[in-house]
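I set out to record what I looked up in this structure, entry by entry. The sequence and the model come before my notes.

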Amino acid sequence: MLRNGVDIIEIERLAEINPAIRARFIRRVYTESEKAICGDNNTCLAGRFAAKEAVSKVLGTGIGEIRWKDIEILKGEAGEPLIVLHAFAKEKEVALGIQTWAISISHSRTFAIAFVIAQ
């Protein structure tokens, strides 16, 4: 069975986060590895945010039941995005029998979008 999820976000939303809460938001949403990949690049952060949302849709839970850091979007050898699941997200993957993931992240000047397929 194929499952899919998609999410789109305005990159500007990340740029407009109040500086007083931005650091807390980034700590809550992104793993240390993701922060090392993106630094303070809003386009990169937005792409990973959309990817986490898309993965949560594939798992049928949305964010909430699964925590942000349970879904990690890393980089492969060629720079391609890779999905790594932890904690309850990993448990859901196993329960659903998901063995294969495919992910694509794209950006325009204003939007970041992620599309995820699992089998």
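**Entry 1: ground rules.** I noted that this is a predicted model, in which local features need pLDDT of at least 70, side-chain atom pairs count only at pLDDT 80 or more, and totals for chains, interfaces and linings use all residues. Residues are numbered from 1 along each chain as its sequence is written, and side-chain values use heavy atoms, with hydrogens and water left out. Helices (H or I, at least four residues) and strands (E, at least two) are DSSP runs, numbered from the N terminus.

**Entry 2: helix 4.** I looked up how helix 4 is placed. Of its 17 residues, 15 are buried, so the helix is largely enclosed by the rest of the structure. Buried means under 20% relative accessible area, exposed over 50%, and partly exposed in between, with a 1.4 Å probe and protein chains only. At the start of helix 4, I found a side-chain oxygen of Asn41 within 2.9 Å of the backbone nitrogen of Thr43. Gly60 follows helix 4 and has a positive phi, near 80°.

**Entry 3: Lys52.** Is Lys52 buried or exposed? Its relative accessible area is 0%, and therefore Lys52 counts as buried. Beyond residues up to four places away in sequence, Lys52 touches several others, including Val29, Tyr30, Ile63 and Trp68; contact means heavy atoms within 4.5 Å.

**Entry 4: salt bridges.** How many salt bridges does the structure hold? I recorded six, each being a side-chain nitrogen of Lys or Arg within 4 Å of a carboxyl oxygen of Asp or Glu. Lys52 forms one with Glu34, and their closest N and O atoms are 2.9 Å apart. This pair links distant parts of the chain, with Lys52 in helix 4 and Glu34 in helix 3, 18 residues apart. Glu34 is likewise buried, because its relative accessible area is 0%.

I also looked up the salt bridge between Lys35 and Glu32, at 2.8 Å from N to O. Both residues lie in helix 3 (residues 32-38), three residues apart, about one turn of the helix. An α-helix has 3.6 residues a turn, so residues three or four places apart point the same way. Glu32 has 57% relative accessibility and so counts as exposed.

Asp70 and Arg67 form a further salt bridge, with closest N and O atoms 3.0 Å apart. Asp70 is buried at 3% relative accessibility, whereas Arg67 is exposed at 55%.

**Entry 5: Leu82.** I located Leu82 in strand 3 (residues 81-85). Leu82 is partly exposed, because its relative accessibility is 37%. Its C-alpha atom is 8.5 Å from that of Trp101, 19 residues away along the chain. Leaving aside neighbours within four places in sequence, I listed the contacts of Leu82 as Glu72, Ile73, Leu74, Lys75 and Gly76.

Technical notes:
Polar contact = N/O pair within 3.5 Å; in protein donor to acceptor, adjacent residues only side chain to side chain.
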